[in-house]
Amino acid sequence: MKLTVWTYEGPPHVGAMRVATGMTGLHYVLHAPQGDTYADLLFTMIERRDHRPPVTFTTFQARDLGADTAHLFKDACQRAYDRFQPEAIIVGASCTAELIQDDPGGMAETMGLPVPTIPLELPSYQRKENFGADETFFQIVRTLARPAERTAQITANLIGPTGLGFRHRDDIAEVTALLSDMGISVNAVAPMTSSPSDIARLGAAHFNVLMYPETAETAARWMERELGLPYSKVVPIGVGATRDFVAEVADLAGVAPYLDDSRLRLPWYSKSVDSTYLTGKRVFLFGDGTHVKAAARIARDEMGFEVVGLGCYNREMARDIRAVAKGFGVAPLITDDYLEVERTIEELSPEMILGTQMERHIGKRLGIPCAVISAPVHVQDFPARYSPQMGIEGANVIFDTWVHPLVMGLEEHLLTMFREDFEFHDAAGPSHHGGKAAPRVEDVDGGPAPQTPREYLEPEEAADLVPASTVSVIWLPAAEKELKKIPFFVRGKARRNTETFAAERGVSEISVDTLYEAKAHYAR
């Protein structure tokens, strides 16, 4: 554990809370101090759920630590059962409560509650959120699921979706439709939308669809071994992966593969869109292992991007990501330190980032377009509209999500190119106001428009000015003006290359000719 401003994953009890929040009829009693109740906001504010997570906190305070805190937990556990009447209860401790070693699981077992009570042992100082979700779901399945007679019709369980998951709600609908087209029904979706009684009948299905390995692979392996349920290995994110998924599921179910791709637009759009937007764009990918693996394949094989780097923050997926990186000929980045990710992005200077909410912030600071492909995400990535990542519609959504930042980046570049135009200069105001646009200063008196002082500029604009120190060359006004015609997402690199070129040749003033000589030099 370390102190940080941002984190890719919370502690394990947040993963347990994601499982409990996705389910119905389950309650989570969490031994935790007052400050650890912040997790409620993740679901009500960011995911915009219309109800609070089914969690009861003991909320002990500092003054309680001088006495026995065990009674606080027992009282909270009894109140939770009396008030909510759940079908099952899971109990555990937050990272802070773990230090006082009260053993919530052992205490709950001595209470004799009339419903299954499932203790969670989540090592808060060694593991993180995704492990917490995976372990919690595994313990629930191991406790409640039993062998059952198979359904008459071929059915599957969809396992892995949780509360606070990246597009999990819509992925469920998309995968359900893929199975339905092949005559396969869904026996249960777990943990999201399921109850403890649904968990008990998981064994009635013919196989499991493992949608998110991070949160359900341990349970999938256990059910394969104990209940005889094979599980799918392909995650259907992207066109190629969806076709592979359909073939794999058809083999598991013993039916003919079928995919209705009449709604599929990504392949045609990728071929038809201006290559300026896509072909050969250098992209860097970072996120959870499942989404990065899928995104790397889409980026190279379906969108025509060049993958210059990739990595993941969840170490449980490190082996898979290293194998993918080897296939792409790039170095894998396995880290949960966002500052290391930022340094890597700066070194690689990609033209686009495919990452998490944190890479979105990094991209803003560096002036690089970013599309979000993985949790952690903020409120804008829990849309009210239907917006899956999996299946046919997921492929269409991915195309739009990835291309729009590049298109808008080009639009910004074009506006920058024409910033000297009477209609688009900085003082003109919105162009749709037409005749209300103010004339440029130089149009009035014939002189150049005054320069905005560095301290009044936005950070991105200030970065385009000549650095205040360590630069021994001077940019002539005409060269500065020409530099601004270079797209903003590579302008910084062009400036650095030109200054290096000039310094190496003893040129103290950079002119337009110097700029183009440097361009020709580095193009060789």
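Residues 24 or more positions apart account for 70% of the contacts in the protein chain with a separation of 6 or more. Contact means heavy atoms within 4.5 Å. This is a predicted model, where local features need pLDDT of at least 70, side-chain atom pairs count only at pLDDT 80 or more, and totals for chains, interfaces and linings use all residues. Numbering starts from 1 along each chain as its sequence is written, and side-chain values use heavy atoms, without hydrogens and water.

The protein chain has 20 helices and 14 strands. These are DSSP runs numbered from the N terminus: helices (H or I) of at least four residues, strands (E) of at least two. Of the 524 residues in the protein chain, 52% are buried, meaning under 20% relative accessible area with a 1.4 Å probe, protein chains only.

Now the interior. A nonpolar core is a set of buried Ala, Val, Leu, Ile, Met, Phe, Trp, Tyr and Cys residues joined through side-chain atoms within 4.5 Å. The largest has 60 residues. Tyr28, Phe137, Ile140, Val141, Ile199 and Met223 have the most contacts inside it. Helix H5 (residues 129–144) gives the most to this core, with 7 residues. Apart from this core lies another, of 59 residues, including Leu179 and Met390.

Next, a helix pair. The axes of H6 (residues 168–180) and H9 (residues 239–253) come within 11 Å and cross at roughly 50 degrees. Axes are lines fitted to C-alpha atoms over the stretch in contact, and angles run from 0 to 180 degrees between N-to-C directions. Val175, Leu178 and Leu179 of H6 meet Thr242, Phe245 and Val249 of H9 in this contact.

Definitions and conventions
Buried means under 20% relative accessible area, exposed over 50%, partly exposed in between (1.4 Å probe, protein chains only).
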